[in-house]
Amino acid sequence: MDDTLDTSWVLRWAELAQHAVSENRIALMELDRAIGDGDHGDNLDRGFTAVSAKLADASPDSPTAALKLIATTLMSTVGGAAGPLYGTAFLRAATALGDGPVDAAGVAALLTGAVEGVTARGRAEAGDKTMVDALRPAAEAARAVAEEGGSARAALAAAADAAAAGAEATEPMVARKGRASYLGERSAGHRDPGAQSSALILRAAADAAAGGAGQ
Amino acid sequence: MTTAIVVVSHSAQLAQGLCEVAAQMAPDVLLRPAGGTDDGRIGTSFDKLLTAVGELTADGGDGVVVLTDLGSATMTAESVLEMVDDERVLLADAPLVEGTVAAAVAAQGGAGPEEVRRAAEEAALSFAAAQRSGPAEPARGGEVLERVLQLRNPLGLHARPAAQLARLVSGFDAHVEVDGVDGGSVLALLGLGLSGGATMTVRASGPQAEHALDAVAQVVDEGFGEA
């Protein structure tokens, strides 16, 4: 069977991400209320709902075009810091991907582009208790699968697992970026909402790939 | 055409108000506020900024300098700059109020985007320098002419006259200091806090020192056109 992914994967990913964010809206808000301003769930729900509408209207003809559309829509609808951060992540993912269908190396490139975009925009590093702590291990896991000759689906599954573990690992961390950093030591003991939403969105990416292939 | 300026703030009122203040000192500069979210809440809008930058660059303008207030406004501005990918559009890392005023005055004087950005980024320094009192530094070489002038307009050296004075002295081949600060810097002049009736010591050196002093004396005696 063909191991690569195409535009329909990105569209399905956006759809599943919207479901995941919507189902976890309250949970994300509660995480954010503990160490932020409590609007992360609402903001992302609004953003991905707008993404669904935009993708349905525009019917992009390549994974890159679809990712770019997701990027610009999130930038203009999510607001706060998450808008530019997720927008940049998808924008750099689109740029890193290049043309054609997506293989495991493509998945690794896409995720590396995303995490580098977030790092550049938010100036956060690993261990700062941010999205980076979910995205960085995800990109590394995808890279490892690609180097072993695995499939795009396997790379995404490994990335989703690594992101989930990365999000969980933010719980004991002390925040060093964003509003949570104002809390200092008191931010420890709470999972970072951005890392959690990143993990949810990458799980959606893996599920979107797995669903189409009948694995 | 002059370099245009976009003010990005979490607050629509703050962005609007700052543009009004800066426009007083830079009447020919396009100043665009991009404050608040699309639905009028506190926050920043990617679309507002993208639209403002798009309009200002559409007709082949001289360039745009963007100033921001805090955190996500800066991230939004960086994202917009990444999207438009136009070398004529620059982001200044500057204190919003001082930076915008300094940028507007520089743009009014015909500075290009890079120079306008530098004026904004140096604003904090020149403003701080103006707050320090101390003996005037001797001008480099040549004769130093000095005149003591009295401010005749009731409000003294407030924003508009300060900008007028700074623009005026910048037009001469002369180094002009007012009470020991750079006469070409509107922020430095504002920092003197000279009110109506106050006297100020103006020193000038360079080839056009005498002309510069005459011109300064004239606008001061005319009360900067204010009653």
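How many residues of domain 1 of chain B are in contact with domain 2 of chain B?

1. Nine residues of domain 1 of chain B touch eight residues of domain 2 of chain B, where contact is C-beta atoms, placed from the backbone, within 7 Å. On the domain 1 side, α1 (12-25) and α4 of chain B each give two or more residues, and α4(B) gives the most, with five. Helices here are DSSP runs (H or I, at least four residues), numbered from the N terminus.

2. Before going on, note that this is a predicted model: local features need pLDDT of at least 70, side-chain atom pairs count only at pLDDT 80 or more, and totals for chains, interfaces and linings use all residues. Residues are numbered from 1 along each chain as its sequence is written, while chains are lettered from A and ligands numbered from 1 in the order in which they are written.

3. As for confidence, the model scores ipTM 0.79 and pTM 0.76. Chain B has a mean pLDDT (the predictor's confidence in each residue, from 0 to 100) of 88, with 93% of its residues at 70 or more. Take care with residues 133-139 of chain B, where pLDDT stays under 50.

4. Back to the domains: the assignment for chain B gives domain 1 (4-121) and domain 2 (132-225), with bounds from an automatic or database domain assignment. Their centres, taken over C-alpha atoms, are 29 Å apart.

5. Over in chain A, the UniProt annotation "domain: DhaL", from an unreviewed entry, covers residues 8-207; such annotations may be inferred rather than shown by experiment. That stretch of chain A is 72% helix and 0% strand (strands are E runs of at least two).

Note on methods
Contact = placed C-beta atoms within 7 Å.
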